[in-house]
Amino acid sequence: MDTPLRWITTVLLFCLSLSAHAAFTLPGDAMRCTRSATLLNCTDRFGNHYGIAQQGNDTLMRGFDVISGLGWSQTSTTYGRLQLFTGVSADGQVWVGSSRRIGWNVVSRLSSSQGDRDRVNCNRLSGCR
């Protein structure tokens, strides 16, 4: 799977586990985020940035990936522990997938319009693989 799609998936999974701090920085100054009750804006040291807005069970994301030079957007809806998402990048690539919380783990599966498929497992203690 190409790097931008994996990066976007990692961002989504990171956002699923954020705490409610007003502003925070990850270790090593990897990412700077500002958060309100329904809006999150983040920028990393490479220039990637994204914003997330929550409206009920729906999460709306919009961002920019420096490596590809493309903007992207993604919409997801949560049903209990299951989250279904779909997204599109500025070059027309589309992806769909799902994430399911199982204890401290989030298991995500996604497919893109280019035929790529991926599975990402994230754990609160050991990170994503």
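This is a predicted model: local features need pLDDT of at least 70, side-chain atom pairs count only at pLDDT 80 or more; totals for chains, interfaces and linings use all residues.
Two strands count as paired here if DSSP finds at least two bridges between them. Strand E3 covers residues 39-44 and strand E4 covers residues 49-55; they run antiparallel, with five bridges joining them. Take Leu 39, for instance: its bridge partner in E4 is Ala 53.

The two strands make a hairpin, with four residues sitting between E3 and E4. In that turn, Gly 47 has a positive phi of about 105 degrees.

## On to E5

E4 also pairs with strand E5, residues 58-65. Again the strands run antiparallel, and here seven bridges join them. If you want a spot to check by eye, look at His 49, which stands opposite Phe 64 in E5.

E4 and E5 form a hairpin too, with two residues between them. The turn has a glycine with positive phi: Gly 56, at about 65 degrees.

Gly 97 counts as buried because its relative accessibility is 16%, and the cut-off for buried is under 20%.

So what is Gly 97 in contact with, leaving aside neighbours within four places in sequence? The list is Gln 83, Leu 84, Phe 85, Arg 109 and Leu 110. As for Gln 83, that residue is 14 residues from Gly 97 in sequence, and their C-alpha atoms are 8.4 Å apart in space.

Note on methods: Residues are numbered from 1 along each chain as its sequence is written. Side-chain values use heavy atoms; hydrogens and water are left out. Buried means under 20% relative accessible area, exposed over 50%, partly exposed in between (1.4 Å probe, protein chains only). Contact means heavy atoms within 4.5 Å.
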